[in-house]
Structure formats: C-alpha cells, structure tokens
Amino acid sequence: MVLLGGGGMLGVFEPPFREQGGERAPLRELLAASGPAAGLIANAAWVRLNLACEARDEHAVRALLRVTLAAAPEVDFFRLNAARMLAYDLPAWRTEAEPMAPGPLRQRWRSDAADEAEALLLGDENTEPSWLIEAANLALYVRGDRELAAQRYRQAAELPGAPWHAGRIYAQLLRELGRDRDALEWLRAWAPCLPAGDPAAQRDLVLARIAELELELQSRGEPL
C-alpha cells in the first residue's frame with residue numbers, strides 16, 4: 001500500500017518536472033513541500049526506475065532518477081546508484097545499440113557519462129565522503145586518471161566520518177604513481193588518527209606499510 005500510494009503521488013509530480021526540462025530546483029521545492037510523502041515518492045520512483053532499466057528506456061531512467069534525487073537528495077543509496085547508472089549503464093547501452101561506432105566516439109560517450117555522474121556527486125557544497133569515493137572510482141575506472149582519483153580519495157579521507165579505507169587507497173595510488181615519499185609522509189601523518197581498537201582502521205597494516213616504505217627509501221639511499 002505504501003508503494004502504491006507513493007506511485008500515485010509520483011504521477012502528480014512527474015508532468016511539471018518534465019516540462020521544466022530536467023531542472024532539479026523547482027521539483028525539489030515541490031517535493032520538499034510534500035513533507036513525509038517525499039520519501040514515498042522517492043521509493044516509488046526507484047521501483048519504476050528499475051523497471052525502466054530492465055527495458056533500457058534511457059528517457060524514463062533519466063526522468064525517474066531526477067525525481068528520486070529531488071525527493072531524497074541526501075540518501076546515499078539513491079545518489080551512488082544513480083551515478084553508477086549514468087556512468088556505466090547508459091553508455092554501455094548506447095555502445096550495444098551502436099556496435100559499429102568508432103572507438104574514439106565510444107570513449108567520448110564514456111567521458112561524457114562520467115562528467116554527468118561526477119556533477120551528481122560533486123555538485124553540492126555538502127559532499128559526503130561516500131560521494132567523493134564514488135567520484136574517485138569514476139576517475140580511476142572510467143577515466144583511467146590515477147592522479148585525479150588520488151586527489152579525490154584524499155579529499156574523502158580528510159572528511160569527518162570517512163571510511164578508513166579511503167586513506168589507505170590514497171597511499172596506494174601515490175605508490176603506483178611513483179610518489180613513495182608522499183605516500184610515506186601521508187601515512188606517517190595519518191596513522192596517529194587510526195584507532196587501535198577498530199578493525200576497519202587496520203592500524204597494524206598501516207604501520208607495516210610505513211615500515212616497508214621506510215626500508216624502500218633507505219635502500220635507495222634517500223633520507224628519511
């Protein structure tokens with residue numbers, strides 16, 4: 001009954017949204033005024049979105065993504081999965097639909113899709129650590145840009161409430177970029193923040209990596 005109610009309310013909000021050409025602010029204001037019903041609308045839109053994905057209906061996917069995010073802009077599940085659909089699914093559908101498209105054009109589709117997904121993740125002032133990590137993954141796996149990915153992982157790691165693995169991945173990317181000294185300096189500064197009693201922090205692993213980097217730099221005759 002909840003989803004049916006949300007679906008009914010969704011029909012009220014979809015037409016004016018589409019007439020706005022995809023602009024999020026007017027729709028977000030309408031949904032904010034709906035109070036608790038906004039959550040029902042977001043859930044109903046997400047159910048319909050999954051059906052649109054199965055049908056590979058890009059127009060419906062885009063419309064329902066915008067409705068969902070306007071109704072529940074702070075929900076990580078919706079935003080992260082929306083970014084993944086934009087970055088991975090939509091260009092993959094286009095590539096399958098146009099298998100003879102030249103490689104540079106397919107790469108342009110992926111790059112444009114990454115731009116769109118990143119705007120979704122980084123466009124708000126109050127970016128969450130999880131959103132930055134997702135943007136870092138886009139930089140790494142879609143763009144193949146380790147420098148940009150490293151920068152975003154560090155930004156995420158420095159935010160309150162960030163998962164501990166963001167700092168470890170940042171250090172690893174620095175090493176892959178040949179920046180061992182920067183990785184050592186980061187880990188030395190970051191390690192004291194890691195709680196010994198939290199298994200997710202993997203403090204012992206980080207200390208072991210510091211020792212490994214120190215030995216590596218020493219073997220090259222570099223000062224510590």
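Helices here are DSSP runs of H or I with at least four residues, numbered from the N terminus. This is a predicted model, so local features need pLDDT of at least 70 and side-chain atom pairs count only at pLDDT 80 or more, while totals for chains, interfaces and linings use all residues. Residues are numbered from 1 along each chain as its sequence is written, and side-chain values use heavy atoms, with hydrogens and water left out.

**View 1. One turn along helix α6: D112 and R108.** D112 and R108 sit four residues apart in helix α6, so about one helical turn separates them. They form a salt bridge (a side-chain nitrogen of Lys or Arg within 4 Å of a carboxyl oxygen of Asp or Glu), with their closest N and O atoms 3.0 Å apart. R108 is exposed at 52% relative accessibility, and D112 is partly exposed at 34%. (Buried is under 20% relative accessible area, exposed is over 50%, and partly exposed is in between, using a 1.4 Å probe and protein chains only.)

**View 2. Helix α4 meets helix α6: R62 and E116.** Here the closest N and O atoms of the salt bridge are 2.3 Å apart. R62 belongs to helix α4 (residues 58–71) and E116 to helix α6 (residues 103–122), so the pair ties together parts 54 residues apart in sequence. R62 is partly exposed at 22%, and so is E116 at 32%.

View 3. E134 is buried at 6%, whereas R84 is partly exposed at 32%.

Note on methods:
Helices (H or I, at least four residues) and strands (E, at least two) are DSSP runs, numbered from the N terminus.
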